[in-house]
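Please consult the sequence and the structure below alongside the text.

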Amino acid sequence: MFFLSIGPHISGAVVAHSIAALTGYGQDLFTAQAANARLVYAAANPGPILGLFVAALALAAAVGAAFGVLASYPALRLRGDFLAIVLIAVGEVGRVFVRTYEPIAGGNIGTGGIPNPFVFLGDRTGRVAFSLVTLGLVLGVFLFVERISNTPLGRLLKSVRDDELVANVLGKRAPLVKAQVLAVGSGIAGIAGVLWAFWYQTVAADDFIPQTTFLVVAMVLLGGAANHRGALVGAIVMTLLDHVTRPSFYSILGLDVRLPFDVNYLRYILIGVLIILILRFRSEGILPERPVRTPALAVASAGRSHTEPRSEDPNRS
């Protein structure tokens with residue numbers, strides 16, 4: 001979750017400071033008045049806000065990748081559960097730091113007024129346009145990671161994952177591979193964080209609590225680890241679960257649901273139970289991992305078929 005939070009914090013800082021510089025706004029950047037000023041400016045100046053959106057995407061991807069490379073150093077000695085615990089701890093340290101150091105994202109208040117880059121089209125049309133752009137980015141990222149997974153690099157990643165010692169013995173540089181995959185994954189997480197910030201139009205450190213991390217983990221486990229199509233299925237299912245277990249969902253439908261407990265805690269319980277059930281009964285997820293599909297694999301298979309000795313037909317004269 002630490003890598004996802006990089007995108008919103010960068011978005012808030014880029015938008016707040018850039019619009020303040022463009023408009024000459026010299027007051028506190030984290031007040032409701034400053035947030036409203038940013039929204040008004042964005043509605044009247046579509047060019048600059050679109051440019052800030054693109055700049056935030058590029059900067060978040062670069063910074064996320066850099067932090068991913070730094071995170072690869074503890075990965076040299078830690079694996080599996082221990083590495084996951086360390087990364088969760090790093091996320092919590094980052095969240096507390098941003099929450100207490102106000103210049104980054106306004107401290108406890110957060111940064112509001114991060115406008116939809118298409119706000120000049122109107123509220124509803126602007127959200128539709130932003131959704132289409134988000135879907136386009138999702139498709140692009142999906143094709144990118146799918147392409148990587150079905151290349152020799154994809155085979156190398158799986159070999160390091162399955163048995164790092166064997167990969168090292170065969171001359172593969174496992175530390176470099178870990179740095180590369182963490183850089184790519186962290187950069188993509190940073191891009192997702194930018195989309196998060198511009199959609200919700202506000203950034204707060206407490207949005208990135210460990211429960212959000214477990215929600216993402218449940219998405220991957222449910223859909224199927226090492227399967228990009230499975231990750232999409234898991235994301236859709238868990239997003240629906242996340243919305244259904246929110247009080248606002250029933251308010252929109254006009255339903256007055258009163259439970260003897262906070263429905264938000266029910267969401268956390270369901271996520272935990274779901275993770276346990278998946279690991280216990282179907283660890284491969286809905287869509288199991290598939291073999292790597294590369295031209296090299298096809299050539300190797302064809303080569304083996306040509307070199308296999310032909311069996312003699314005993315009936316042939």
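The structure holds 9 aromatic pairs. One of them joins Phe53 and Phe198 in an edge-to-face arrangement, with 5.0 Å centre to centre and 80 degrees between the planes. The model is a predicted one.

**Aromatic pairs and cluster**

- The pair of Phe53 and Phe198 links distant parts of the chain, since Phe53 belongs to helix α3 and Phe198 to helix α9, 145 residues apart.
- Both Phe53 and Phe198 are buried.
- The rings of Phe130 and Trp199 count as stacked because their centres are 6.0 Å apart and their planes meet at 25 degrees, where the cut-off for stacking is under 30 degrees.
- Phe130 lies in helix α6 and Trp199 in helix α9, so this pair ties together parts that are 69 residues apart in sequence.
- Phe130 has a relative accessible area of 2% and is therefore buried.
- Trp199, with a relative accessible area of 30%, is partly exposed.
- Phe53, Phe130, Phe198 and Trp199 together make up one aromatic cluster.

**Charges over rings**

- Arg127 lies over the face of Trp199, at 4.4 Å from the ring centre.
- The charged end of Arg280 is placed over the ring of Phe281, 5.0 Å from its centre.

**Nonpolar cores**

- The largest nonpolar core comprises 26 residues, and those with the most contacts inside it are Phe3, Ile19, Phe53, Ile114, Phe130, Val194 and Phe198.
- Two or more residues of this core come from each of α1 (2-23), α2 (32-44), α3 (46-71), α6 (123-149) and α9 (174-200).
- Beyond residues up to four places away in sequence, Phe53 touches Pro117, Phe130, Val133, Val194, Leu195 and Phe198.
- A second, separate core has 9 residues, including Leu215, Ala218, Met238 and Ile278.

**Ser11**

- Ser11 is found in helix α1.
- Its relative accessible area is 0%, so Ser11 is buried.
- With residues up to four places away in sequence set aside, Ser11 touches Ala56, Val194, Ala197 and Phe198.

**Helix α13**

- Helix α13 (residues 263-281) has 19 residues and reaches 27 Å from its first C-alpha to its last, close to the 27 Å expected at 1.5 Å a residue.
- The residues Val263, Arg267, Ile271, Ile275 and Ile278 of α13 are buried.
- The buried residues of α13 line one face of the helix, because they fall within an arc of 140 degrees when seen down its axis.
- Residues three or four places apart point the same way because an α-helix has 3.6 residues a turn.
- On the other side of α13, the exposed residues are Tyr265, Ile269, Ile276, Arg280 and Phe281.
- The cover over the buried residues of α13 includes α10 (210-223), α11 (228-244) and α12 (247-252).

**Helix α10**

- Helix α10 has 14 residues and spans 20 Å from its first C-alpha to its last, close to the 20 Å expected at 1.5 Å a residue.
- In α10, the buried residues are Thr212, Thr213, Leu215, Ala218, Met219, Leu221, Leu222 and Gly223.
- Gly224 follows α10 and has a positive phi, near 130 degrees.

**Loop residues**

- Gly106 lies in the loop between α5 (102-105) and β1 (111-112).
- Gly106 is buried, with a relative accessible area of 2%.
- Apart from neighbours within four places in sequence, Gly106 is in contact with Phe30 and Thr111.
- The C-alpha atoms of Gly106 and Ala204 are separated by 8.0 Å, although these residues are 98 residues apart along the chain.
- Gln201 occupies the loop between α9 and β2 (202-203).
- The phi of Gln201 is near 60 degrees, a positive value in a residue other than glycine.
- Most residues other than glycine have a negative phi.
- Gln201 counts as partly exposed because its relative accessibility is 22%, where buried means under 20%.

Methods. Residues numbered from 1 in each chain as written. Predicted model: local features only at pLDDT ≥ 70, side-chain atom pairs only at ≥ 80, totals over all residues. Heavy atoms only, no water. Helix = DSSP H or I, 4+ residues; strand = E, 2+ residues; numbered from the N terminus. Expected span 1.5 Å × (residues − 1). Buried < 20%, exposed > 50% of the residue type's maximum accessible area, 1.4 Å probe, protein only. Arc of directions from axis to C-beta. Contact = heavy atoms within 4.5 Å. Core = buried A, V, L, I, M, F, W, Y, C linked by side-chain atoms within 4.5 Å. Phe/Tyr/Trp six-rings, centres within 6.5 Å; stacked < 30°, edge-to-face > 60°. Lys NZ or Arg CZ within 6 Å of the ring centre and 35° of its normal.
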